[in-house]
Amino acid sequence: PIPTVKFTKTNACEGNDVVFTNLTTPSSGVNSSWNFGNGVTKNDNAVTVKYKYPVAGAYNVTLTANLNGCAATNTQRVYQFPKPKASYTKVSGSCDNDEFSFNNTSTIASGTIGSNWDFNDGNYSTEEDPSHTFSSSGAKDVKLVVTSVFGCKDSVTKPINVLESPKVAFVNTAACSRTATEFTNTTPV
């Protein structure tokens, strides 16, 4: 009999294995050969076969099944999705009363990406180039996670030093046209 060649695939992000499941019938006595569409071939009779493409892209994968000299093939298109590269710079801001602005410099070979910012103070943003005012001074680990339309992710965390701004305070007596108004500096030292 000629084997009925069938397989399923699970596409993957760059750096991860594309997973193939061989569903050829009959399953015993069949010699299976995979052509991954990029010049790489592999003889493998396992039900689950994994392959990691060195370059993101679309590939036509062919499974050939041979049973006692009778062969059949099945070809399907698989995708190794490009992975984004997360990157950003701090554009402005230095003190806890400043508005900090960030420039998202993340890249991806093809497609689009979304951004998720964590300012390490309980505040988040999904803007591409956000602005944020920190409520306290100190070191803040600002994290950016970028996600492609196919769910491929990358992240980067950078320390941002938020300087403490001076705190100014004063009190004054009631303003009156006949007596001078007295001001008292109550700024903490």
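**Rings, cores and a disulfide**

Trainee: Which residue lies over the face of Tyr 88?
Mentor: In this predicted model, Lys 158 lies over the face of Tyr 88, at 4.8 Å from the ring centre.

Trainee: How many aromatic pairs are there?
Mentor: The count comes to 18 aromatic pairs. One of them joins Phe 36 and Tyr 51, which are stacked at 4.3 Å centre to centre, with 5° between the planes.

Trainee: Where do Phe 36 and Tyr 51 lie?
Mentor: Phe 36 is in the loop between strand E4 (31-35) and strand E5 (41-43), whereas Tyr 51 is in strand E6, so the pair ties together parts that are 15 residues apart in sequence.

Trainee: Are those two buried or exposed?
Mentor: Both Phe 36 and Tyr 51 are buried.

Trainee: And why does the pair of Tyr 53 and Tyr 59 count as stacked?
Mentor: Their ring centres are 4.0 Å apart and their planes stand at 10°, so the pair is stacked; the cut-off for stacking is under 30 degrees. Tyr 53 is buried, with a relative accessible area of 2%, and Tyr 59 is buried at 12%.

Trainee: Which residues do ring pairs link into a cluster?
Mentor: The cluster consists of Phe 7, Phe 20, Trp 34, Phe 36, Tyr 51, Tyr 53 and Tyr 59.

Trainee: Let us move to the cores. Which residues have the most contacts inside the largest nonpolar core?
Mentor: That core has 18 residues, and those with the most contacts inside it are Phe 20, Trp 34, Phe 36, Tyr 53, Val 61 and Val 78.

Trainee: Which strand gives the largest share of this core?
Mentor: Strand E7 does, with five residues. Strands E3 (18-22), E6 (48-51), E7 (57-67) and E8 (70-81) each supply at least two residues. A second, separate core has 13 residues, including Ala 86 and Phe 119.

Trainee: New topic: what is the order of the open sheet of three strands?
Mentor: The order is E9-E10-E13, with antiparallel pairing. Strands E9 (88-92) and E13 (131-132) stand at the edges with a single partner strand each, so one side of each is left without a neighbour in the sheet.

Trainee: What is the bridge partner of Phe 100 in E13?
Mentor: The partner is His 132. E10 (residues 100-104) and E13 pair over two bridges.

Trainee: Lastly, which cysteines form a disulfide?
Mentor: Cys 13 and Cys 152 do, with their sulfur atoms 2.1 Å apart. The torsion about their S-S bond is about -95°, so the disulfide is left-handed. Both cysteines are buried.

Notes. Residues are numbered from 1 along each chain as its sequence is written. This is a predicted model: local features need pLDDT of at least 70, side-chain atom pairs count only at pLDDT 80 or more; totals for chains, interfaces and linings use all residues. Side-chain values use heavy atoms; hydrogens and water are left out. A disulfide is a pair of cysteine sulfur atoms within 2.5 Å. Buried means under 20% relative accessible area, exposed over 50%, partly exposed in between (1.4 Å probe, protein chains only). Two strands pair if DSSP finds at least two bridges between them. Helices (H or I, at least four residues) and strands (E, at least two) are DSSP runs, numbered from the N terminus. A nonpolar core is a set of buried Ala, Val, Leu, Ile, Met, Phe, Trp, Tyr and Cys residues joined through side-chain atoms within 4.5 Å. Rings of Phe, Tyr and Trp (its six-membered ring) pair if their centres lie within 6.5 Å; planes under 30 degrees apart count as stacked, over 60 as edge-to-face and the rest as tilted. A charge sits over a ring if NZ of Lys or CZ of Arg is within 6 Å of the ring centre and within 35 degrees of the ring normal.
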